[in-house]
Amino acid sequence: MSTATTAGPERTIADARERIDALDDRIIGLIQERMAVSAVVQETRIASGGRRVHLSREMEILGRYREALGKPGTALAMTLLELCRGRI
């Protein structure tokens, strides 16, 4: 096998991994932004006499992720909710 033959797949993999890393950076940034926005919602709700967590809203979010991503989407949404509001 020549070097040119092996360099192609290796370059493709390296490029794809770089793109994955960039996407992960964006995803992490969006999660951090979501956490900050969620904190504003929780603080506002509590200040106005409400509860920190709105369960019907969380069920909407779970359903949205499940519809878009299947069963693993539910687990992902649960993780996001936990990050954004803490364990209940």
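# Salt bridges, helices and pockets

Q: Which residues are linked in a network of salt bridges?
A: This is a predicted model, in which local features need pLDDT of at least 70, side-chain atom pairs count only at pLDDT 80 or more, and totals for chains, interfaces and linings use all residues. Residues are numbered from 1 along each chain as its sequence is written, and side-chain values use heavy atoms, with hydrogens and water left out. A salt bridge is a side-chain nitrogen of Lys or Arg within 4 Å of a carboxyl oxygen of Asp or Glu. The network is made up of Arg11, Asp15 and Glu18.

Q: How many salt bridges does the structure hold?
A: One of them joins the side chains of Arg11 and Asp15, at 2.8 Å from N to O. Another joins Arg85 and Glu58. The total for the structure is four.

Q: What separates Arg11 and Asp15 in helix α1?
A: A helix here is a DSSP run of H or I with at least four residues, a strand a run of E with at least two, and both are numbered from the N terminus. Arg11 and Asp15 are four residues apart in α1, and therefore their separation is about one helical turn.

Q: Are Arg11 and Asp15 buried, partly exposed or exposed?
A: Buried means under 20% relative accessible area, exposed over 50% and partly exposed in between, using a 1.4 Å probe and protein chains only. Arg11 has a relative accessibility of 44%, and Asp15 has a relative accessible area of 39%. Because of these values, Arg11 and Asp15 count as partly exposed.

Q: How far apart are the closest N and O atoms of Glu18 and Arg11?
A: Glu18 forms a salt bridge with Arg11. Arg11 also meets Asp15 in a salt bridge. For Glu18 and Arg11, the closest N and O atoms are apart by 3.7 Å.

Q: Where in the chain do Arg85 and Glu58 lie?
A: The side chains of Arg85 and Glu58 meet in a salt bridge of 2.8 Å, N to O. This pair links distant parts of the chain, 27 residues apart, with Arg85 in helix α3 and Glu58 in helix α2.

Q: Are Arg85 and Glu58 buried or exposed?
A: Of the 88 residues of the protein, 15% count as buried. Arg85 and Glu58 are both buried.

Q: What pattern does the protein follow along the sequence?
A: The protein has three helices and zero strands. Read along the sequence, the pattern is α-α-α.

Q: What radius of gyration does the protein have?
A: The C-alpha atoms fill a box of roughly 70 × 25 × 15 Å along the principal axes. The radius of gyration is taken over C-alpha atoms, and the globule rule is 2.2 Å times the number of residues to the power 0.38. A compact globule of 88 residues would come out near 12 Å, whereas the protein has 20 Å.

Q: Which element gives the most to the lining of the largest pocket?
A: A pocket is an open set of points on a 1 Å grid over the protein atoms alone, where a 1.4 Å probe fits, with protein on both sides within 12 Å along at least five of seven lines; lining residues have an atom within 4 Å of a point. The largest pocket has 18 lining residues, with Arg34, Ser38, Arg57, Ile61 and Leu81 nearest its centre. Two or more residues come from each of α1 (3-47), α2 (55-69) and α3 (71-85). The most, seven residues, come from α1.

Q: Is Ser38 buried or exposed?
A: Ser38 lies in helix α1. With a relative accessibility of 16%, Ser38 therefore counts as buried.

Q: Which element supplies the largest share of the lining of the second largest pocket?
A: The second largest pocket is lined by Ile27, Leu30, Ile31, Arg34, Tyr65, Leu76 and Leu80. The largest share, four residues, comes from α1.

Q: How far apart in space are Arg66 and Leu76, C-alpha to C-alpha?
A: Arg66 lies in helix α2, and its relative accessible area of 44% is why Arg66 is partly exposed. Leu76 is among the residues that line the second largest pocket. Arg66 and Leu76 are 10 residues apart in sequence, and their C-alpha to C-alpha distance is 8.9 Å.
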